[in-house]
Amino acid sequence: MSATAALALAGCAPSAGGGDDGGSAGGGEEQQADESAKVGIIYSETGPLAAYGEQYRQGLEAGIDYATEGTGEVDGTAIELEYRDDAGNPDTAVAAAKDLIGQDYRILGGTVVSGIATAMAEQAAQNEVLYISGPAATDAITGVNEFTFRSGRQSFQDVATAGAMLEDESGTVVVLAQDNAFGQGNLAAVEAVLGGEGAEVASVLVPEDATEFTGFARQVVDEDPDLIFVAWAGATAGNMWQSLSQQDVFEAAPVVTGLADSATFAAYGDAGEQISFLSHYFPEATDNEVNQALVDSVTEAGGTPDLFTVDGFVAGQMIAHAVAEGGGDVEGMIEALEGWEFEGPKGTATVRAGDHALVQDMFTAQLVQDGDAWVPEVIDTVPADEVAPPEASGE
């Protein structure tokens, strides 16, 4: 069986993109060509997932640069990015969104945090603005309303990738996860996907502020699992994995989790060789022209491509396409994105028209030692249609 997992003020920075007519959105009023398209990016500059937020930001700027061929504009309309820090707090994010919307921003993007994404989606619907979420994995924003899209994968795709590694669909799957929107979303996905295939699903949910994990590790063992599915994000991952090793969790059952960012590779220690990984993205997972552009652009800017760089890059592609085809009219931008098939760093991706799921390939991987370092290697590419979530009914 398998598992998923671990998986993130302000300054105005002109970066890219534009549309034929930069228009005002909700009402569809036309503006003069050559006006800028203002895009508000609300992401974790600080907070527990700040490292993920930085990956997203680097990828976003690289994606807009790629989509606009280095001009930072589309058809004479410059894309201007205004960054706001959500600090990992939904209230902070909503306040920033309201401020930007009050300044006539008609495109919002960002956030690594699932709980923030759901709050942002609500703001998008209430104010009739386009919202393109970032790495936040919660399934809840797929199909939530016509204004909300996503530039990354969702929990169902993680779990379905884990399911692709299953040989025996029976038995007990124990989900070890943080008790937050991300962890709860993964648990729900495991119940829907693996539970739907006949597995018995149990859970050990850990408070997000916990720093001691010995007791939780024992709870996992006490469930007598046939598979352990770990969903974790943030700075406590190293301590969590150490506790699992100390409590002989790897002796109890196979452990599956999502391959997190490169900073965590060493944290697995020797356990890294005992874990089966599902993977959303790492730079070596795919070999195409778009991915090479991502790697080159981020590296040249002094960054390091990583787990969520791809979500920012795809967001840049989506923003540029929306502005190019829809101008400043929100309905036009929505229409441009619905059903759009494009080449991204992971290969061909499709924005599903009915519910705005981003249908994309996923990967299975392993960590191997390379000198003193641990590096990921692809085991297999799981085709997009095999891990696509069931279509959600939008509002």
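User: At what angle do helix H1 and helix H10 pack in this predicted model?
Analyst: The model is predicted. H1 spans residues 50-67, and H10 spans residues 309-326. Their axes lie 6 Å apart. The packing angle is about 40 degrees.

User: Is the crossing of H1 and H10 left-handed or right-handed?
Analyst: The question concerns how H1 passes H10. The crossing is right-handed.

User: Which residues of H10 does H1 meet?
Analyst: On the H1 side the contact includes Gln55, Tyr56, Gly59, Leu60 and Gly63. Ala62, Ile64, Tyr66 and Ala67 also belong to the H1 side. Their counterparts in H10 are Thr309, Asp311, Gly312, Phe313, Ala315, Gly316, Gln317, Ile319 and Ala320.

User: Which strands does H10 lie across, and at what angle does H10 run to S13?
Analyst: H10 lies across S13, S14 and S15. These three strands form an open antiparallel sheet in the order S13-S14-S15. The angle of H10 to S13 is about 140 degrees.

User: Why is one side of S13 and of S15 left without a neighbour in the sheet?
Analyst: The sheet is open, with the order S13-S14-S15. S13 (341-344) and S15 (358-359) stand at its edges, so one side of each has no neighbour in the sheet. The reason is that each has a single partner strand.

User: In S14, what is the bridge partner of Phe342?
Analyst: S13 pairs with S14, residues 347-351, in the antiparallel sense. Four bridges join the two. The partner of Phe342 is Ala349.

User: Which residue in the turn between S16 and S17 has a positive phi?
Analyst: S16 covers residues 362-370, and S17 covers residues 373-382. The two run antiparallel, joined by nine bridges. They form a hairpin with two residues between them. The residue with a positive phi, about 70 degrees, is Gly371.

User: In S16, what is the bridge partner of Leu278?
Analyst: Strand S12, residues 275-279, pairs with S16 in the antiparallel sense. Three bridges hold this pairing. The partner of Leu278 is Thr364.

User: What percentage of the residues of the chain count as buried?
Analyst: The chain has eleven helices and 17 strands. It exposes about 14,600 Å², of which carbon and sulfur atoms supply 42%. A residue counts as buried under 20% relative accessible area. Of the 395 residues, the buried share is 58%.

How values were computed. Residues are numbered from 1 along each chain as its sequence is written. This is a predicted model: local features need pLDDT of at least 70, side-chain atom pairs count only at pLDDT 80 or more; totals for chains, interfaces and linings use all residues. Side-chain values use heavy atoms; hydrogens and water are left out. Axes are lines fitted to C-alpha atoms, for helices over the stretch in contact, and angles run from 0 to 180 degrees between N-to-C directions. A crossing is left-handed if the near helix is turned anticlockwise from the far one by less than a right angle, and right-handed if clockwise. Contact means heavy atoms within 4.5 Å. Two strands pair if DSSP finds at least two bridges between them. Buried means under 20% relative accessible area, exposed over 50%, partly exposed in between (1.4 Å probe, protein chains only). Accessible areas come from the Shrake-Rupley method with a 1.4 Å probe; for residues, only the protein chains shown count as cover.
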